Amino acid sequence: MDELKKYLKDAIGFEGEIKTVAPEKLKMLPLFIASEYEFQQMKLFGLDILLVFVQHTFTTERLKKHLEIIKVELGIIPVAIINKLEPYNRIRLIEKKIPFIIPNKQMYLPDLLIDLKEFGNKPRELPQLMQ
């Protein structure tokens, strides 16, 4: 969670609070969705955002359906939080307009018109001094 907060602060200046979601709110979701993910909530640019932490392997189509159900049932913008993701799956998520955040790598939030990517921030090697 700290890594996500730091990434949000560095990338977009987010300094708000990330809170746990009230259990009664999660009861509105189908059990197979409520038990598969971890949920947190935050306000970003005045909008309520539901952070959906992906714990297991997934298909992009299944994740898209689950996020659509969450959006309809709770009336809130869901964003998948994924720790590690293969490049081809990242492309599929973008093609299907599935909002996601990979801390310290990429943030794709089409509902908020945000698409940020980290490109190699490798430190440059300094040339050796000639003698």
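## A pair of buried rings

F100 is buried, and so is Y108; buried here means under 20% relative accessible area, with exposed over 50% and partly exposed in between (1.4 Å probe, protein chains only). Keep in mind that this is a predicted model, where local features need pLDDT of at least 70, side-chain atom pairs count only at pLDDT 80 or more, and totals for chains, interfaces and linings use all residues. Residues are numbered from 1 along each chain as its sequence is written, and side-chain values use heavy atoms, with hydrogens and water left out.

## The aromatic pairs

How many aromatic pairs does the structure hold? There are two. Rings of Phe, Tyr and Trp (its six-membered ring) pair if their centres lie within 6.5 Å; planes under 30 degrees apart count as stacked, over 60 as edge-to-face and the rest as tilted.

Y37 and F39 make an edge-to-face pair, with 6.3 Å from centre to centre and 65° between the planes. Y37 counts as buried at 7% relative accessibility, and F39 is buried with a value of 7%. F100 and Y108, the residues we began with, form a tilted pair: 5.9 Å centre to centre and 35° between the planes.

## The whole protein

Stepping back, the protein has five helices and seven strands. Helices (H or I, at least four residues) and strands (E, at least two) are DSSP runs, numbered from the N terminus. Follow the sequence along and you get the pattern α-β-α-α-β-β-α-β-α-β-β-β.

Of the protein's 131 residues, 38% count as buried. Its accessible surface comes to about 8,900 Å², and 53% of that belongs to carbon and sulfur atoms; these areas come from the Shrake-Rupley method with a 1.4 Å probe, and for residues only the protein chains shown count as cover. Contact means heavy atoms within 4.5 Å. Among contacts between residues at least 6 apart in sequence, 48% join residues at least 24 apart.

## Helix 4 and its buried side

Helix 4 has 15 residues and reaches 21 Å from its first C-alpha to its last, close to the 21 Å expected at 1.5 Å a residue. That expected span is 1.5 Å times one less than the number of residues. Which residues of helix 4 are buried? They are T60, L63, H66, L67, I70 and L74. These residues cover an arc of only 125° around the axis, so they sit on the same side of helix 4; the arc is that of the directions from the helix axis to the C-beta atoms. What covers them includes helix 2 (23–26), strand 3 (47–54) and helix 5 (87–95).

Let's zoom in on H66, which is in helix 4 (residues 60–74) and has a relative accessible area of 6%. Leaving aside its neighbours within four places in sequence, H66 is in contact with F32, I33, E36 and Y37. Just after helix 4, G75 takes a positive phi of about 65°.

## M42 in strand 2

M42 is in strand 2 and is buried, with a relative accessible area of 3%. M42 and E17 are 25 residues apart in sequence, yet 6.2 Å apart in space, C-alpha to C-alpha. Setting aside neighbours within four places in sequence, M42 has contacts that include L8, F14, E17 and I18.

## A hairpin

Strand 6 (residues 106–109) and strand 7 (residues 114–117) pair in the antiparallel sense over four bridges; two strands pair if DSSP finds at least two bridges between them. Q106 stands opposite K117 in strand 7. The two strands form a hairpin with four residues between them, and L113 in the turn has a positive phi of about 60°.
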